[in-house]
Amino acid sequence: MTNIAAKLVESGININVLTDKKQQTDYKIKYVSEYVKQWAIISSERTDITNITFIDCMCNAGVYKDGDLCTGLEVLLIFNELAGRHPDKTYNLYLNDYDSKKIDTLKKVIPLLHVKRSNIRIIISTKDVNDYLVSLKDNKNVFGYSKIVILYIDPYDFGTVHIPKVHDILKHNYCELIFNFFISDYVRNWKNNSERISKCLGGTTVSSKEELVKYMEKEFKTGNIKYGFSYQFKTETNIELYQIMFFTPNKRGLEVLKDALWKVFGGKFYHKNQKELERMQTSLFTEEDEQGWLLKLHAEEAKKLLLFNSGKTLTYSEIEMLLIEKSMVKEGQIISHVLKPLIEEGKVIKRNFNVSKRNYKSDSYEIGESK
Ligand SMILES: C[S@@+](CC[C@H](N)C(=O)[O-])C[C@H]1O[C@@H](n2cnc3c(N)ncnc32)[C@H](O)[C@@H]1O
């Protein structure tokens, strides 16, 4: 993460107007910007793509009180690197926050990063998020042929963003979504403030957390969107705070997200904030040991998931999508940690149909216990 605390002092920005950063926020920024980085690198290499766009609908002031950059400006630095290497592409950064004081600060922070490339466009606005979503929906400058767009919606609570408005954008445009689903706010408020919650769901009422999760997945899996994955963030006392939900039309997008997830969280089932003391104590295990151990657990879960399809013949691609959407394993782990062990155990048969024995990705597999 990038810290500009020293520059802030020189620039005369009033630090007191900036937001304190919570422990989970660090990880949220790392996760989202790692995904955007990997996705932007891949998209920049594609000859059919002309525009790479990141939209932070609720972007904050660009910097936190400790001097760390907000996600939108981390993305600006990523774009800056790529824009130099790919002068034929245009990188668009849309930043919106309804708080005009935050946007005034953002406008003072951006020049401190010295980004001056003619193929980077920064479009700043101060709309309410719901008006902003409506203004984006039919915007042909943003969406359309040859344009890759990531829409990021990151509220402080559950009762602000009107979910049908997000649905409308996804239904009519080709784009990816990263949505901070503030489940703790729903759990706290759905009984005493059900009207506010129901308004955000376009009048739909849900009576449990599980129903709400299903509603959200249904609303976001629309239009071109085919794949989704959510990752939980918890407090130090193990209470769920929020889930970062990700939805994409593109299988490759989900593969890249899983890579970013493993890179930032090392295979942990969820992110949990640590108490001060826990943070100071060194772990008994090295990070590598821990990741290896977690991978074993995730691979076991993935094997079970696959064996639920006993009696079916599945292509590698079908197996991959099942496992990367429904378990923690990432694409690069499937052959060695799931398929090969199951084949050795005789529970899956590789058909070797028109492909060599060593080619796993073009083959199909009979699932089920063989004799
Ligand atoms: C969690 S912070 C965003 C953090 C930022 N996305 C990041 O990753 O660094 C939420 C932001 O939403 C803004 N916000 C709250 N309600 C809003 C609304 N109705 N419309 C637009 N922005 C809003 C707040 O001013 C705040 O800056």
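**The ligand and its pocket**

The model is predicted, with local features needing pLDDT of at least 70 and side-chain atom pairs counting only at pLDDT 80 or more, whereas totals for chains, interfaces and linings use all residues. Residues are numbered from 1 along each chain as its sequence is written, and side-chain values use heavy atoms, with hydrogens and water left out.

Among the polar contacts (pairs of N or O atoms within 3.5 Å), a polar side-chain atom of Thr-71 lies 2.5 Å from a ligand oxygen atom, and one of Asp-97 lies 2.6 Å from an oxygen atom of the ligand. Val-129 instead places a backbone N or O atom 2.8 Å from a nitrogen atom of the ligand. The protein buries 95% of the 600 Å² that the ligand exposes when taken alone (Shrake-Rupley method, 1.4 Å probe).

The ligand sits in the second largest pocket, in the sense that more than half of its atoms lie within 2 Å of the pocket's grid points. A pocket is an open set of points, on a 1 Å grid over the protein atoms alone, where a 1.4 Å probe fits, with protein on both sides within 12 Å along at least five of seven lines, and its lining residues have an atom within 4 Å of a point. The residues lining the second largest pocket divide into 12 nonpolar, 7 polar and 11 charged.

How values were computed. A polar contact is a pair of N or O atoms within 3.5 Å; within protein, one must be able to donate a hydrogen and the other to accept it, and residues adjacent in sequence count only if both atoms are side-chain atoms. Ala, Val, Leu, Ile, Met, Phe, Trp, Tyr, Cys and Pro count as nonpolar, Asp, Glu, Lys and Arg as charged, and the others, Gly among them, as polar.
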